[in-house]
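Dear colleague,

I am handing over the structure that follows, together with an account of what was found in it. Please read the notes below alongside the coordinates.

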Amino acid sequence: MPATELDQVVNLCKRRGYVFPSAEIYGGFRSTYDYGPLGAMMLRNVKDAWVRAMVQLRDDVVLLDAAILGPPAVWEASGHLANFTDPLVDCRVCKNRFRLDKLDDPNTCPSCGAQDSFTEARAFNLMFKTHAGPVEDAGAVAYLRPETAQGMFVNFANVLNATRKKPPFGIAQTGKSFRNEITPQNWIFRTREFEQMELEFFVPPAESAQWYAYWCAERLGWYVGLGIPKELLRLRAHDADELSHYSSGTSDVEFLFPWGWDELEGIANRGDYDLTQHANHSGEKLDYFDQATGERYVPHVIEPAAGATRTLAAFLLAAYDEDEVGGESRVVLRLHPRLAPYKVAVLPLSKKEHLSAKAREVYRLVADRYLSDYDDTQSIGRRYRRQDEIGTPLAVTVDFDSLDDEAVTVRDRDTTEQVRVPIADLLATLQAKLGF
Ligand code: ATP
C-alpha cells in the first residue's frame, strides 16, 4: 500500500539520504531542500526517464538547455511581469500570510482561527529579482526564470534554423525554476526552488485540438508506465473560469497525495499567444513558412509542463510499502527500476578476504553496466532490508560456494525470490529482470 502519511516518506528520505532540509546545521532555510546521495541519483533518473520518453524515443522533439537568468524584456513579453502574481492576504491577528486562492475558507485564518481578519488581497509577483553585474541599477535588473518554457519560445527561430524541423515538432527542457511562493508547503511539493520538465510542441493551428488530446493521454501514460498505480492518477480538465485568457484547454495530471488530489503536471493548449507576444515585443518574425502549401503561419503550442522534484515525491509516495517477509515486517520502496537510484546491490556473504576479492570482481562487472551499491557491513538479512528500504530492485549475493561454482544468487526486491546464476550469465539475467 502506498504511503498514507507524508511523514513515512519524509522520514525515510532523511534517514537514508534521499532528501535533506537545506542548511540544516543552521536551522534550515525556508522550505528549501537538498537532494542527498540517493535523491540526487533518483532526480536524475526522473529527468532521464522524461527525456527518454519525450526526446529519445521519438524523432519530432529536440532538447534545449537555456539560461536561468533573463532580462526583463522576456518577462515583459511573456506577461509574467504583469500577471505572474498570486493574491496575498495577511491575517491582522497572527500576522501570517496566505494565498487567498488556496484558502479553504476565505473568512477564517487557518493559523489562528480568527474571523474576517484578512487584509485586502494584493497581487504579489512570484519572480525572484536580482541584478546582473556590479551595479545595482534599473538597467541591471534580471530575473530568475519562474518556468523553463520561455527559453523554448525565445529560441524558436534558432531551433527551426538549426534543425530543419517543421511543425508538428517540439522543444523539450528540464531544469531549475524559481518562484517566490507565498506559502511553500508539503515538503518538496511546493518549494521556491524546484525543477521542471517542460515540452513546447508547435503544431499547425488546425491540428491543435488533436495534439492536445494526444499529449494528455501520452503524459498520463508516462506516470503509469513508471509504476504509479492508475487509481492514484487522474486527468482533470480545467473549468472555463480556471483557464488563462489565451488557453483554449488545460488539463492537470493529478496524483492522490496524502492530503488529497493535487497537480503533478499541467497540459495546456496555448494557441499562438507565446510566439505572437515575443514576435511583437522583439520585432523578430516567429512563424513558419510551409513550402509545400506556400502558407505562412504562427504555430499553436501544446505545453505539457511537469515538475521533476514534485514528481519525485509522487513516485516515492506511490512506491512506499510495508509488508512481511518470513514473519518480519519490512519497509520496501517498490520503485520502477528506471527510477531506483541503485539498480543492483552486490553483497558478499562475509568480509573474509578471499570472498571480498570475488565480490569486488562481480561488483566491477555489474557496475560497468548499472549504478550499483557494494555493501559488506552487517548481517545479510539487515543488508537486504536496507536495500529494500532504499528501493534497489536486485541484490547479488556472493557466497563461499561462488568461489567453487562461479555462480551467485540474485534476489528480487519485490518477491524476495532468489535464483542461482552463473557469473558468466549474470549481466544477461540482470538485464532480463530490470528490463534494460
Ligand atoms: P500551482 O497552481 O500549484 O502553483 P502552477 O499551475 O502555477 O502550480 P505550472 O506553472 O503549470 O504550475 O508549472 C508546471 C509544473 O511545475 C507544476 O505542475 C508542478 O509540477 C511544477 N511546479 C510549479 N510550481 C512549483 C513549486 N513551487 N514547487 C515545485 N514544483 C512546482
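This is a predicted model: local features need pLDDT of at least 70, side-chain atom pairs count only at pLDDT 80 or more; totals for chains, interfaces and linings use all residues.

Helix α10 (residues 353-367) packs with helix α13 (residues 426-434) at an angle of about 50°, and their axes are 10 Å apart. The contact residues of α10 with α13 comprise 6 nonpolar, no polar and no charged.

Helix α2 (residues 37-56) and helix α7 (residues 208-225) cross at roughly 140°, and their axes come within 11 Å. The pair α2 and α7 is therefore likewise oblique, and the crossing of α2 and α7 is right-handed. On the α2 side the contact is made by V46, A49, W50, A53 and M54, which meet W215, R219 and W222 in α7. By class, the residues of the contact of α2 with α7 are 7 nonpolar, no polar and 1 charged.

I turn next to the largest pocket. The space within the largest pocket is about 1,500 Å³. Its lining consists of 50 residues, of which F84, R99, R179, H238 and E263 are the closest to the centre of the pocket. Elements that each supply at least two residues of this lining include the helices α4 (80-83) and α9 (308-319), and the strands β5 (85-90), β11 (193-203), β13 (249-257), β14 (260-271) and β17 (300-307). Strand β14 gives the largest share of the lining, 9 residues. The lining of the largest pocket divides into 20 charged, 16 polar and 14 nonpolar residues.

Two points of backbone geometry remain. Most peptide bonds are trans, and most residues other than glycine have a negative phi. P167 and P168, however, are joined by a cis peptide bond, with omega about 0°. P168 lies in the loop between α6 (156-163) and β10 (169-178). A23, although not a glycine, has a positive phi of about 50°. A23 is placed in the loop between β1 (19-21) and β2 (33-35).

With kind regards

Technical notes: Residues are numbered from 1 along each chain as its sequence is written. Side-chain values use heavy atoms; hydrogens and water are left out. Axes are lines fitted to C-alpha atoms, for helices over the stretch in contact, and angles run from 0 to 180 degrees between N-to-C directions. Helices (H or I, at least four residues) and strands (E, at least two) are DSSP runs, numbered from the N terminus. Ala, Val, Leu, Ile, Met, Phe, Trp, Tyr, Cys and Pro count as nonpolar, Asp, Glu, Lys and Arg as charged, and the others, Gly among them, as polar. On a 1 Å grid over the protein atoms alone, a cavity is a set of points where a 1.4 Å probe fits but cannot get out, and a pocket is an open set with protein on both sides within 12 Å along at least five of seven lines; lining residues have an atom within 4 Å of a point. Grid points are joined across faces, edges and corners, and a volume is the space filled by probe spheres set on the points. Angles under 35 degrees count as roughly parallel, over 145 as roughly antiparallel, 65 to 115 as roughly perpendicular and the rest as oblique. A crossing is left-handed if the near helix is turned anticlockwise from the far one by less than a right angle, and right-handed if clockwise. Contact means heavy atoms within 4.5 Å.
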